[in-house]
Amino acid sequence: MYLETINGPEDVKKLDIGQLEQLAGEMREALLKRLSFHGGHFGPNFGMVEATIALHYVFDSPRDKFVFDVSHQSYCHKMLTGRREAYLEKEHYDDVSGYSDPSESQHDFFNIGHTSTSVSLASGLVKARDLKGDKENVIAIIGDGSLSGGEALEGIDFASELDSNFIILVNDNDMSIAENHGGLYKNLRALRESGGTCECNLFRAMGLDYVYLGEGNEIGKLIELFHRVKDIDHPIVVHINTIKGKGYVPAEKNKEDWHWCMPFDINTGAPAAAFEAEDYADLTCEFLLEKMKRDPMVTTVVAAVPTNIGFTEEKRREAGRQFVDVGIAEEHGIAFCSGIAKNGGKPVFATHSSFMQRTYDQLSQDLCVNRNPATILVNTASVYGMNDITHLGIYDIAMMSNIPNLVYLAPTNSEEYFAMLDWSIEQTEHPVAIRIPCNGVVHSKEIVDTDYSVLNRYQVVQKGSGTAVLALGDFFQLGEEVAAAISQKTGTSPTLINPRYITGLDEELLKRLTEDHAFVVTLEDGILNGGFGEKIARFYGSSNMKVFNYGLKKEFLDRYAVEDVMKDNHLTPDLILQDLGF
């Protein structure tokens, strides 16, 4: 077995073509076993096995620098750079992250988990190299799906300005997470079909040299091509055509489903565990499909992650032209929705909280300055959401709740969420964002409000005295537990409040609390700095009210256990009661 002998790229260089091809098979076998047990990014890594082997065979990492876009295709790179045990031995599966990470290896240069960044990051390495007078190769590795991102296009447009060694490897498998969207993909198709010779060439139009290889999964041809461009003295795009999911039939046939996977049965491809619980993605999809059927002006918009709200290929076909995937282009997506709303449409844009960061300017300038009534669904915005360092969903409250004119809502259960969503789609006064609950589908037997047009009116769920608990969104259930613990410990029922509105204060209610309350406890599922609780604390700053803010510390967490983070931030009933002195 060759993979067991690979301690670094120098061992790859010792093998002949036949041995390298056997190594590729061993790598796929290791990937298959690990992913079937552990889950992770499947299709991107299976498609890049040969290219990664060839890169390490020809170039001299870490002197020559590889920058992987998104880096969800970096598993193969990790196998060949001293981290093979994490793919061969079950007890070491969690030793490495799913993305490039400089703390793991000198062969990784950046923490990368967001798309469309590699060309810009690598161009900075190029500039610094040239300033120092060094001569190493710099290779940016980017998938075709990532090319639709604004930063990727900015980086590629700038690359020719560097006028020195810079290799941009475009891994083209004719797929993003789902299908690609946008005019540039017509040019990529033309380049593939013409063997890279068609007159129209996006990359040459940006002043770059260009070479194409259609056999992007053939090690020998890749090695020959990489030898040709190694030590080149100007920027060049190396365009290779690969097969996403290559080597595992279910992944080759269903590329979208196998972009990322949960643990599965290798023989059947079926998930290892059945998921029968309700899911907000599916529920949101069905709700929006019904709205779209009744109203042709309702339009659902996503940015390359259609299944974040349940829109599988079948559901996208059902929605027809009322469903739009703008590709990896969140900035365009928000501005696009602002335009739809301005012209009488009812747009709903949905993406993950950590991706919403890419469109702050459009939220502020294109949407909220213009007061256009678009609906923004913020998904996985929670400590319960994705948990690696590049996909944290805990910053959105501080980021978005301070944008003027935006109404940001935090539902506490399924019925409240869909009532808020229905109201937002139909109202015409405000840009509205809604945090999709992330702590499981919680149902309420209580009648929920259907009209949220009188802004910043909090809901008193339980009237008490002494202590008031303001429990926002996903942390409302924690608030119920805290309120029950206070009542049991002190014999006095506290007031329990569902704030609902992240972006404003119910000043009338907050003033009333001063009459018979000494303590206010705020709970929020996000960082405290700039968050909801600080607004409450500032309101009470000149009074005798003692305010306790509970949320998350401002920090970059990575692959955490939720229960550990909750305890570390005193987000348990016992620890909160200790802080209160009860």
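This is a predicted model: local features need pLDDT of at least 70, side-chain atom pairs count only at pLDDT 80 or more; totals for chains, interfaces and linings use all residues.

A: Residues are numbered from 1 along each chain as its sequence is written, and side-chain values use heavy atoms, with hydrogens and water left out.

The sheet is open and consists of 5 strands in the order β14-β16-β15-β17-β18, with mixed pairing. Two strands are taken as paired if DSSP finds at least two bridges between them; the elements themselves are DSSP runs numbered from the N terminus, helices being H or I of at least four residues and strands E of at least two. At the edges stand β14 (459-462) and β18 (546-552), each of which pairs on one side only. Direction ignored, neighbouring strands of this sheet are turned by 25 degrees against each other on average.

Helix α22 (residues 532-539) lies across β15 (466-471), β17 (517-527) and β18, and runs at about 155 degrees to β17. Such angles run from 0 to 180 degrees between N-to-C directions, the axes being lines fitted to C-alpha atoms, for helices over the stretch in contact. Helix α24 (residues 573-580) also packs on the sheet, where it touches β17 and β18, and its direction makes about 150 degrees with that of β18. Contact here means heavy atoms within 4.5 Å.

In α24, the buried residues are Pro 573, Leu 575, Ile 576, Leu 577 and Leu 580. A residue is buried under 20% relative accessible area, exposed over 50% and partly exposed in between, with a 1.4 Å probe and protein chains only. The cover over the buried residues of α24 includes β17 and β18 of the sheet, together with the helices α20 (476-490) and α23 (562-568). Just after α24, Gly 581 takes a positive phi of about 85 degrees.

The sheet belongs to a protein with 24 helices and 18 strands. Its 582 residues would give a compact globule a radius of gyration near 25 Å, and the value of 26 Å agrees with this; the radius is taken over C-alpha atoms, and the globule rule is 2.2 Å times the number of residues to the power 0.38. Along the principal axes, the C-alpha atoms fill a box of roughly 80 × 55 × 55 Å. Of the 582 residues, 58% count as buried. Among contacts between residues at least 6 apart in sequence, 76% join residues at least 24 apart. The accessible surface, from the Shrake-Rupley method with a 1.4 Å probe, comes to about 23600 Å², of which 48% belongs to carbon and sulfur atoms.

Residues up to four places away in sequence aside, Ala 86 touches Arg 34, His 92, Tyr 93 and Val 96. Ala 30, which is 56 residues from Ala 86 in sequence, is 9.7 Å from Ala 86 in space, C-alpha to C-alpha.

The structure holds 0 disulfides, a disulfide being a pair of cysteine sulfur atoms within 2.5 Å. For Cys 198, the closest cysteine sulfur is in Cys 200 at 6.0 Å, which is too far for a bond. Cys 337 is likewise in no disulfide, as the nearest cysteine sulfur, that of Cys 368, is 12 Å away. Cys 337 is buried, with a relative accessible area of 0%.

Some backbone values also deserve mention. Most residues other than glycine have a negative phi, and most peptide bonds are trans. Ser 61 and Pro 62, however, are joined by a cis peptide bond with omega of about 10 degrees, and Pro 62 is found in the loop between α4 (49-58) and β2 (65-68). Ser 116 has a positive phi near 70 degrees; Ser 116 lies in the loop between α6 and α7 (118-132) and is buried at 3% relative accessibility. Asp 174 has a positive phi near 60 degrees and lies in the loop between β4 (166-172) and α9 (184-193). With a relative accessible area of 36%, Asp 174 is partly exposed.
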